[in-house]
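Biologist: I should like to learn how to read this structure. Please take me through its features one at a time.

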Amino acid sequence: MLSPLRFVELLEELSTRFSGLPAERVDGEIDRALERILVYLGTDRASLMELREDDGSIRVTHTARRHDSPDIPSLAGAVVARTWYAPSLIAGQVIRVNRVPDDLPDFGHSELEQAERYNFKSHLAVPLSIAGRFVCGLATATCVEFRTFTEKDVQELRVIGQILSNALYRARLETDLRFTVDELRELRDSLRAENAYLREAIDTEVGFEQIVGRSSSLRRVVEQAAMVAETPSSVLLLGETGTGKELLARAIHSRSPRRERAFIKVNCAALPASLVESELFGHEKGAFTGATSSRPGRFELAHEGTLFLDEVGELAQDVQAKLLRVLQDGEFERVGGVQTRKVDVRIVAATNRDLAQAMAEGRFREDLFYRLATFPIQLPPLRERADDVPLLTWEFVHRRGPELGRRIGRISDEAMRALSSYPWPGNVRELGNVLERALILSKGLELELAGVLPSTPRAKPQAVELADVEREHIARVLERCGWKINGRGNAAETLGMHPNTLRARLAKLGLERPR
């Protein structure tokens with residue numbers, strides 16, 4: 001045994017090493033301290049253990065062994081026997097086995113098995129308490145020769161172990177606190193992002209998209225929205241630009257069980273393709289140039305609420321695939337991240353595109369369409385509910401007029417007929433723009449439409465038959481593949497069809513190879 005002075009020197013060394021040590025360096029210093037214990041005590045193995053009172057187990061967290069004895073097995077990650085050893089140490093008892101197997105209890109069969117497996121000759125273990133509970137244990141053992149451990153060995157091992165266990169406990173507390181702070185910071189950032197989004201939504205001019213009208217087509221839409229609002233089903237709103245899809249989406253949310261949570265909107269057409277994925281799913285710091293901090297996406301902001309995907313038909317196909325995964329599994333990863341996050345979001349999507357045509361052209365996934373279109377609602381264009389134009393007109397005049405400093409009390413029958421007969425290709429939004437210009441130009445009590453209402457509306461694009469779209473798409477693929485239906489790089493493989501299916505489709509569409 002070395003002199004007491006050497007023990008004091010060891011304590012001073014360990015106290016200096018662990019004083020103010022950052023949490024991330026504690027594990028490495030404990031490993032080095034165990035090696036110093038081996039040198040000081042002249043033993044072959046030293047281990048720091050975690051005592052788990054809840055399930056009665058002991059797990060080795062740190063261990064060291066003599067480097068000049070390759071026959072000494074490592075104890076890293078070992079779970080200690082529970083018949084006698086573990087309960088004794090957890091109860092605060094010192095374990096001193098000077099000779100294995102002579103000093104083991106008769107019922108310590110598991111302990112004997114472990115002693116033989118790890119070549120124990122003699123063994124000493126002391127329990128270590130923190131805040132009145134035994135949470136750690138420090139053990140040392142010989143594996144080559146027997147050793148008689150004295151009471152002095154017990155006391156010195158306990159003092160050394162207290163330094164190590166306190167350092168480990170502080171490190172765990174610091175790590176847990178840091179994790180909690182990170183979680184709070186992430187929650188704070190999420191709340192800031194949500195508040196910023198909500199402020200943006202409040203400050204944005206909603207325009208003349210209000211559910212006003214008595215037409216049967218509009219009443220049918222409102223009834224459908226009311227029925228689906230109470231369910232968790234996805235909703236797909238179909239209709240031309242300016243028909244009030246966002247307003248209807250907000251009405252569905254406000255009547256749903258999620259009304260107390262956020263309604264988050266994403267305009268898929270307004271975002272650059274490079275930013276859509278980050279906007280939807282968020283990104284981690286350093287994920288791309290300019291990502292100076294982590295940022296939650298709209299899915300996280302809409303957790304337990306509603307996410308409104310406006311112009312969903314504009315999404316790129318790689319984003320469509322990730323969106324499909326969220327709809328199926330409720331899981332996603334941020335851009336540049338590896339952590340899988342789970343969300344509970346109700347989806348309301350909207351588009352003015354012909355998704356059937358987009359699917360035929362391969363621009364929109366069929367599986368995503370059927371996920372979104374659990375409950376489709378077709379919003380009628382304003383030209384199909386001309387009877388609602390007078391109500392919409394007066395509602396806008398009464399609401400917007402005072403904001404513009406106008407007090408309109410009359411609208412002539414001629415002006416109202418002109419408004420009602422106009423086909424409104426821009427729908428309610430266009431009506432609102434025309435009426436705002438009329439309000440600005442009207443100086444008296446009567447609304448003036450002169451020079452405001454277009455004389456000839458812009459023509460609506462002609463509808464395209466699905467068969468025509470399919471024929472054109474297949475013809476382009478065939479041209480690209482040299483009209484090969486079999487063999488490598490053939491058109492059937494590109495189209496995802498069996499060759500016989502493609503031949504039948506060609507016959508049905510009347511497509512023949514040019515001569």
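Biologist: In which sense do β8 and β11 pair, and over how many bridges?

Modeller: Two strands pair if DSSP finds at least two bridges between them. Helices (H or I, at least four residues) and strands (E, at least two) are DSSP runs, numbered from the N terminus. Here β8 and β11 pair in the parallel sense over four bridges, and L307 has I347 in β11 as its bridge partner. β8 also pairs with β7, again in the parallel sense, over five bridges; T306 of β8 is the bridge partner of F263.

Biologist: How far may I trust such details, and what conventions apply?

Modeller: This is a predicted model, in which local features need pLDDT of at least 70 and side-chain atom pairs count only at pLDDT 80 or more, while totals for chains, interfaces and linings use all residues. Residues are numbered from 1 along each chain as its sequence is written, and side-chain values use heavy atoms, with hydrogens and water left out. The pLDDT is the predictor's confidence in each residue, from 0 to 100. The protein averages 83, and 86% of the residues score at least 70. Confidence is highest in strand β11 (residues 346–351), at a mean of 95, and lowest in helix α16 (residues 466–480), at 68.

Biologist: Over which residues does pLDDT stay under 50?

Modeller: Where pLDDT is low, the predicted coordinates should not be read in detail. Residues 199–210 stay under 50, and the model gives them 18 contacts beyond four places in sequence; a contact means heavy atoms within 4.5 Å. Residues 461–466 also fall below 50, with five contacts beyond near neighbours in sequence.

Biologist: Which way do the residues of β8 point, and are they buried or exposed?

Modeller: In a regular strand the side chains alternate between the two faces of the sheet. In β8, T306, F308 and D310 point one way, L307 and L309 point the other way, and all are buried. Buried means under 20% relative accessible area, exposed over 50%, and partly exposed in between (1.4 Å probe, protein chains only). Because five of the five residues of β8 are buried, this strand is largely enclosed by the rest of the structure. Of the 515 residues of the protein, 44% count as buried.

Biologist: Against which elements do the buried residues of α7 pack?

Modeller: Helix α7 (residues 245–254) has K245, L248, A249, A251, I252 and H253 as its buried residues. They pack against α6, β6, β7, β8, β11 and β12. In the loop between β6 and α7 lies T243, which counts as buried because its relative accessibility is 8%. Its side chain reaches the backbone oxygen of E240 at 2.8 Å. Leaving aside residues up to four places away in sequence, T243 touches L379, P380, P381 and N427.

Biologist: Which residues touch the most other members of the largest nonpolar core?

Modeller: A nonpolar core is a set of buried Ala, Val, Leu, Ile, Met, Phe, Trp, Tyr and Cys residues joined through side-chain atoms within 4.5 Å. The largest has 34 residues, of which F18, L34, I37, L138, I160 and L164 touch the most other members. Helix α2 gives the most to this core, with nine residues. Beyond four places in sequence, I160 touches F7, L10, L11, L14, I37 and L138. A second, separate core of 33 residues includes V266, L280, I347 and A373.

Terms used:
A polar contact is a pair of N or O atoms within 3.5 Å; within protein, one must be able to donate a hydrogen and the other to accept it, and residues adjacent in sequence count only if both atoms are side-chain atoms.
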